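Welcome! Take a moment to look over the structure below, and then we will walk through it together, beginning with a single residue.

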Amino acid sequence: MLIDQALARAAGGPATGRLLNNKAFGLEQAGDSAAAVAVLREALPLVDAQGEERHRFSVRFNLAVNLLALDRVAEAAVLVPAVRGLALAQRLEFDLLRVNWLEGRLAAGEGRRNEAIAQIAEAADRFAERNMPYDAALAALDLAALLLEAGRAAEAEARVAHAMPIFLAWGIDREALASLRLFLDALKQQRATAALARAAAVAWRHFGGVPPRKRMR
């Protein structure tokens with residue numbers, strides 16, 4: 001892998017933490033959140049030693065995302081306040097929006113479904129307004145899963161249908177768009193499940209192009 005070659009050249013130098021963060025992102029996209037967590041744990045003390053706030057935020061944010069993907073909710077909960085604090089310190093609007101989404105994911109993991117629905121719905125709306133289609137798609141699919149679990153299938157269908165024109169206008173990868181279309185069809189046929197929504201989210205992470213979170217590196 002090119003990233004491993006770059007890590008070998010970095011030889012533990014200043015770029016190592018950032019490169020490990022990039023490697024973890026690739027593992028996450030490939031569906032290996034457990035490996036991503038291990039790499040991010042390795043990156044954490046390195047980026048802290050460098051003191052670059054942007055990288056400190058990115059590693060912690062990505063670590064929390066992958067922990068939640070593994071249902072390691074208690075570990076993610078420890079990280080989230082620090083993630084928000086770093087986002088506030090940098091005053092970067094897009095990062096704060098992603099933290100809102102992350103906090104909604106955490107609320108869902110902790111069983112606070114109504115709070116999670118409200119937070120993720122707001123995040124999905126803000127992502128769409130700010131032309132962040134990758135994030136908007138993930139939030140819409142997270143929201144659909146929660147709405148389906150709550151027996152609110154019509155709302156889930158409306159949410160995904162509302163998001164489709166945004167993705168079409170943005171020129172999203174064909175395979176990523178296909179995963180969204182298949183899920184929307186399942187909603188219309190009243191055979192969609194929360195598990196199917198989460199499977200569509202996995203496909204979106206894999207095929208959804210270059211997301212804004214990757215550009216944090």
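Beyond the neighbours within four places in sequence, Val 83 is in contact with Phe 57, Arg 60, Phe 61, Val 99 and Leu 102. Please keep in mind that this is a predicted model.

**Around Val 83**
- Val 83 sits in helix H5, which covers residues 73-90.
- Is Val 83 buried or exposed? Its relative accessibility is 0%, below the 20% cut-off, so Val 83 counts as buried.
- Pro 133 lies 50 residues away from Val 83 along the chain, and 22 Å separates the C-alpha atoms of the two.

**Overall fold**
- The protein chain has 11 helices and 0 strands.
- Read from the N terminus, its elements run α-α-α-α-α-α-α-α-α-α-α.
- The radius of gyration is 17 Å, close to the 17 Å that the globule rule gives for 217 residues, so the chain is as compact as a globular protein of that length.
- Along the principal axes, the C-alpha trace spans about 55 × 35 × 30 Å.

**Packing and contacts**
- Of the chain's 217 residues, 48% count as buried.
- Taking contacts between residues at least 6 apart in sequence, 60% join residues at least 24 apart.

**Surface and charge**
- The chain carries 28 positive and 25 negative side chains.
- The centres of these two charged sets lie 2 Å apart.

Key
Residues numbered from 1 in each chain as written. Predicted model: local features only at pLDDT ≥ 70, side-chain atom pairs only at ≥ 80, totals over all residues. Heavy atoms only, no water. Helix = DSSP H or I, 4+ residues; strand = E, 2+ residues; numbered from the N terminus. Rg over C-alpha atoms; globule rule 2.2 N^0.38 Å. Buried < 20%, exposed > 50% of the residue type's maximum accessible area, 1.4 Å probe, protein only. Contact = heavy atoms within 4.5 Å. Lys, Arg positive; Asp, Glu negative; His and termini not counted. Charge placed at Lys NZ, Arg CZ, Asp CG, Glu CD.
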